[in-house]
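Please take a moment to look over the sequence and the 3D structure before reading on.

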Amino acid sequence: MDLFKVYPLLDVELESGKGVFVFDKNGQKYLDFYGGHAVISVGHAHPYYIKALNEQLEKLVFYSNSVHLEIQQKLAQKLGQISGYANYNLFLINSGAEANENALKLASFYNKRKKVIAFSGAFHGRTAAAVAVTDNPKIKPAINPDDHVIFLPFNDNVALEKTFKEQGNEICAVIVEPIQGVNGIYEASASFLEKIQELCHQNDAIFIADEVQCGFARSGKFFAHQFANVQPDIITIAKGMGNGFPVGGVLINEKIQAVYGMLGTTFGGSPLACAATLAVLDIIENENLIENTQKMGQYLLENLKGIKGLKQIRGKGLILGLEFEEPIKDLRNNLLFKHQIFTGNSNNPNTLRVLPSLAIQKEEIDLFLNALKKETN
Ligand SMILES: Cc1ncc(COP(=O)(O)O)c(C=O)c1O
């Protein structure tokens with residue numbers, strides 16, 4: 001059997017990782033400024049993370065959600081405390097798409113409506129409801145209709161107000177990435193997020209913040225929406241949450257009441273997934289990674305100034321989009337094959353996506369900066 005080809009592959013065969021580095025089968029070392037689609041948050045093979053997973057592996061790998069699992073309660077408490085959402089409820093699943101899928105279902109269960117507002121450039125995942133609110137016709141088969149979705153321009157308060165004025169009582173939810181990731185790192189303005197909240201509250205629609213890529217401390221706050229004065233009704237998380245272990249979550253405002261049978265999952269919230277997430281939260285806390293993200297993000301910003309051909313830097317903390325005057329395809333390949341540095345691309349052909357581990361240090365950032373300087377001079 002061969003593998004179904006879903007991504008064009010880079011010609012690298014990775015075998016192991018340690019901290020901010022990964023190694024191929026020949027022992028060649030690479031600096032990881034991408035974390036495999038923004039997944040590696042606390043670093044590869046972190047000893048605390050490995051220990052926590054090993055200990056849980058020996059205790060209990062899995063049981064279904066039909067029994068009490070203490071580690072789930074422990075995770076919900078810790079996440080509530082560190083994120084500032086202690087009064088929300090947590091539903092655990094296995095990926096970002098599943099998180100958004102369930103968020104949209106919850107919104108529709110809540111107000112019994114169907115229309116959803118999403119934005120130009122949005123990426124929310126590939127399952128039915130999530131792909132419908134994603135702004136990319138190429139990944140939408142006929143079986144995933146999106147005629148219930150209203151796509152509005154991102155950061156356009158006027159268009160949002162107009163739509164609510166015309167059909168406010170039909171709007172089920174507004175879903176937004178506080179920092180658009182796949183699109184090329186575009187920040188939602190504070191006033192835009194605040195307007196979404198205001199209109200959702202006025203019209204009993206649900207405000208969903210998709211923090212799958214920009215959340216879990218990557219922006220320099222626990223959630224990127226916390227730069228604005230908002231508290232979304234639902235917050236979705238995944239990626240950095242498990243540092244590579246597949247896990248996702250939905251944080252749900254108390255006003256949305258759970259009814260048995262409404263949602264469900266076999267694997268979601270497995271003891272191993274909880275152990276991985278708890279370890280990530282402990283490491284973020286013990287190693288002051290939120291502060292490190294702010295500092296290292298600032299260091300990157302300051303030292304990126306003057307890079308030739310760099311037109312714009314977008315993003316916050318360690319979720320940055322570097323937009324160049326020219327397409328970045330060759331630059332990205334050169335960084336990888338000449339300097340052994342992984343970076344990401346995006347929907348914007350001129351934008352390099354930079355998503356290193358939150359534990360990155362200045363010396364490692366300098367490796368990236370020096371390589372970038374060599375390639376752009
Ligand atoms: C903002 C956002 N939401 C949702 C997803 C989907 O996550 P997953 O690939 O885990 O289903 C992604 C993935 O890139 C994402 O960036």
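Helices (H or I, at least four residues) and strands (E, at least two) are DSSP runs, numbered from the N terminus, and two strands are said to pair if DSSP finds at least two bridges between them. The model shown here is predicted, and for this reason local features need a pLDDT of at least 70, side-chain atom pairs count only at pLDDT 80 or more, and totals for chains, interfaces and linings use all residues. Residues are numbered from 1 along each chain as its sequence is written.

With these terms in hand, we can turn to an open sheet of seven strands, whose order is 4-12-11-10-7-5-6 and whose pairing is mixed. Strand 4 (89-93) and strand 6 (149-152) stand at the edges with a single partner strand each, so one side of each is left without a neighbour in the sheet. From one strand to the next, the twist averages 20 degrees, where axes are lines fitted to C-alpha atoms, for helices over the stretch in contact, and angles run from 0 to 180 degrees between N-to-C directions. At one end of this order, strand 5 (residues 115-119) and strand 6 run parallel and are joined by four bridges, and Phe119 has Leu152 in strand 6 as its bridge partner.

Another group of strands includes strand 2 (residues 21-24) and strand 3 (residues 29-32), which pair in the antiparallel sense over three bridges, with Val22 standing opposite Tyr30 in strand 3. Four residues lie between the strands of this hairpin, in which Gly27 takes a positive phi near 85 degrees. Strand 3 is also joined by two bridges to strand 15 (residues 341-342), and these two run parallel; here the bridge partner of Leu31 is Ile341 in strand 15.

How is the protein divided into domains? Domain 1 covers 14-46 + 289-376 and domain 2 covers 48-286, with bounds that come from an automatic or database domain assignment. The centres of the two, taken over C-alpha atoms, are separated by 26 Å. Across the boundary, 26 residues of domain 1 are in contact with 28 residues of domain 2, contact meaning that the C-beta atoms of two residues, placed from the backbone, lie within 7 Å. On the side of domain 1 that touches domain 2, the elements that give two or more residues are helix 9 (289-304), strand 13 (310-316), strand 14 (319-324) and strand 16 (351-354), and helix 9 gives the most, with five residues.
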